[in-house]
Amino acid sequence: MNKLRLPLEGIRIASIEVVYAGPFCTQMLANMGAEVICVETINFRPPASRPGTVHGDTVANPNLLRTFHDKDITTEGIWNRSAAYASKNFNKLSCTMDLTRPEGKDVFRRLIEKCDVFFENNAVRTIEKLGLTYDVLSAWNPRLVYVTAPGFAVEGPYKYYIGYGTNIEALIGHAWLRGYPDEDHPTHLYMDVYQMDASGGMAAASAILMGLWHRAKTDKGMLIDSGSANTVIPQFAEAIMDYTMNKRVRRTQGNRDLWAAPCGVYPCRGAADRWVCITCYNDKQWRGFCEAIANPDWTKQEMFATHESRYQHQDELDKYIKAWTSQHDDYEVMFILQKYGVPSMPVLNERDTLRDPQVIARGFYERVDGTKYNCGVHMFPGMMWKYSKTPMSIKIPPCMLGEHNDYVFKEVIGMTDEEIKRLEEQDYIIGGTAYTETALG
Amino acid sequence: MAYQVLDDVKVIEVCHYIAGPYCCKMFADYGADVIKIEKPGEGDGARYLKPFAGDVPHPEKSGLFLNLNTNKRSITLNLQSEKGKEIFEKLVETADVVVESFSPGVMDKLGLGYTVLEKINPKLVMTSISNFGQYGPYRDFAMSELTLNAVSGFMASCGLPEREPTKRGENCEQYQSGLTAFVATMGALFTSRFQGEGQYVDFSLMETMLGSVDNGARDKLAYLYSGMLMIRHDPRISSTTIMPQNIMPCKDGFVQWRADSAWWPRYLDMLAGGDEQKRKELDEQFPDLYDLDKLYENWAVCLAWSVERTKLELMAEAQKYKVPCMMVSSPQDLVENEHFKAVNYWLDIEHPVAGRFLYPGLPTRFPQLTAQANKPAPLLGQHTEEILNELGYQKDDIKGFKETGII
């Protein structure tokens, strides 16, 4: 049998991507074998994309500082050493050019002529200001699949609205639907991890795949609008349809569920901050739970007799369960309950995910050699699924800023050494003039 | 039906609940022929889940099910019967994709595992969606939305430090897993279509969560880089700028702020509202964005400004100054929001039993294509006869299948 190529080998994608959703999108395609060329500029400052690039923000922000390999951010190449950047930019290439001046933009035009896909997730205003909208790029390359993933859509009243995932999630209702149910208002909540970047990035990846599918059939490129807000709303369909069907305005369930009891997070024995989750969706799982904990008397009370009555008496139920879990280690609870078919898992922190038996058995973390950018050798979070015939892996470490300029300018675009030298001397393909706007417009 | 992007793709769905059906909904909504195989008499378990239209439990009235199964066709089939297996194999002959979400090993036990199906159709892509993957010590473990959050590695950092960690809202992680499974399956479809060979996709919900982006992926690597864990912290005492970066009250609700040095001058412009003298005073009062000694002083100025404005007014004004602030919406606010109405985001779908109401729209749009599939979810077994006819079965065969409980 001939060895199969990776699914997207031979596909070239130029990308102007920022923050989390954009890099996450092309990460999927790069893993599947596409050649992803990130177009960057050293003076352009995409917030949170390459922390440490310019300005003094990082120094003052201990939260971000934690994410660097080497905390001395005054040293050369700090922009290659942030985990925020590195965790979603492997298997990609990076080149730098100044898109704000005609000569730099002309280099970009020549790159687009050689690409199958252009992807971006900037504010709509930014792309308009740079003059890189679909009508411009499709004139350069009619077979181009152009995927844009701004906050909203390329139309409508909020077309020019700006915001991070956190803002948009508030607007689409997620802030309302998460958190603690007994908090009277959500101002105390700090939810550092958001859903929109995951959904926006993944939906944009699917958009690119569908665009390429369309092109293979029709030989034509197209514009695809993958506005991030539109990608995350469907994930809260049940709350939305409870409103459109029944005019019911749902509030947060916290860690509970509409049809499970018990359903909660319980403290465990041992070091502080160890928790285990337990859910029983039905009678069968409840009976399994009772058997697993050796049928203590409290489980036989009238108020726990049926699924409905357990649902009504969850607070009482939780008190008993908490008393039991507190005597056990979190993994111990998991093994005891899973043996009886009860959904139960410890709340894993970052360290736990590295030593978890299932994670290790599946080989989720992969070794990445980052010595060339002074990051040493580390295990990286790796592939999210497994192909039987075209296995994916981390083949190229996270790209350093402008690392692949030579390859892109010479081999992809076909420039001569003299041309490169001239453009470099005039800062068209290395630095460029200061770009004063942030990527979010 | 006019042209749609995936209208040359045929998918066999043997899935239940959320993740698998959401993956196949993507195929169906973009034009693929998705044949949903359901258990005779019972169907997908999601048919019995809330919310129900009119709050009446009914297998054709679950909003959760209706939304997840738009544009699909339903056939009831007993996969444990020999005839049922034969029909399934016939369906696989002409299919591009099979997506299944049984527990690991069930398809093999039925004699319908990938090793069997690839012999019937070498170009077939088969995606198995499971909780923890097809192998490993947790292979047969049970899962819930809550425990799915727990294995991600990022739930530990969500919530208040003195309380238990909190999950994300509703069942969103199962939807995210379904979306990811769609990308994984589409990738394999490229290998099948352009290199002529199908393959097997071992898809696990746990890995989707582990690799999922935002600060989750960052924090895993950050721990490896620095040895520091992300911990739950209180926004009132962990601000890194004096510009608000959390949820704050306004006149009639709450808004979500986000801070950054690039937005700081715009934020001050916004508070001054065009009053140059006031702007100068603000500059003098708050010379440094990072001077946390002035945090509450700045919040006081901000709150005095924001309590005079409704969430809609506040958001519009902030955005006028290019400050990334948005309102905290309830599901009602969202459905009534002017933007999503103006872009025709909501789908108005009429279902013969459940009735007519709005559904969430599609994540991705093709502005140059006009066609959009808009068929309601199928009734249980609605297309059984139609699909069997396509496979060449006659009226009498179908009558026999019905009598013997095969369909």
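1. Basis. This is a predicted model, in which local features need pLDDT of at least 70 and side-chain atom pairs pLDDT 80 or more, while totals for chains, interfaces and linings use all residues. Residues are numbered from 1 along each chain as written, chains are lettered from A and ligands numbered from 1 in the order written, and side-chain values use heavy atoms, without hydrogens and water.

2. Extent. Chain A brings 170 residues to the contact and chain B 165 (heavy atoms within 4.5 Å). About 15100 Å² is buried between them, 64% of it from carbon and sulfur atoms. Buried area is the accessible area (1.4 Å probe) lost when two parts are put together, summed over both.

3. Charges. The interface of chain A and chain B has 11 salt bridges (a side-chain nitrogen of Lys or Arg within 4 Å of a carboxyl oxygen of Asp or Glu). One of them joins A:Arg362 to B:Asp202, with the closest N and O atoms 2.8 Å apart.

4. Strands. Strand 12 of chain A (residues 385-387) runs antiparallel to strand 6 of chain B (residues 200-204), joined by three bridges. Strands are DSSP runs of E, at least two residues, numbered from the N terminus; two strands pair if DSSP finds at least two bridges between them. A:Tyr387 has B:Val201 as its bridge partner.

5. Aromatics. Over all chains there are 38 aromatic pairs (ring centres of Phe, Tyr or Trp, its six-membered ring, within 6.5 Å). Among them, A:Trp286 and A:Trp298 sit edge-to-face, 6.4 Å centre to centre with 65 degrees between the planes. Edge-to-face means planes over 60 degrees apart; under 30 is stacked and the rest tilted.

How values were computed
Helices (H or I, at least four residues) and strands (E, at least two) are DSSP runs, numbered from the N terminus.
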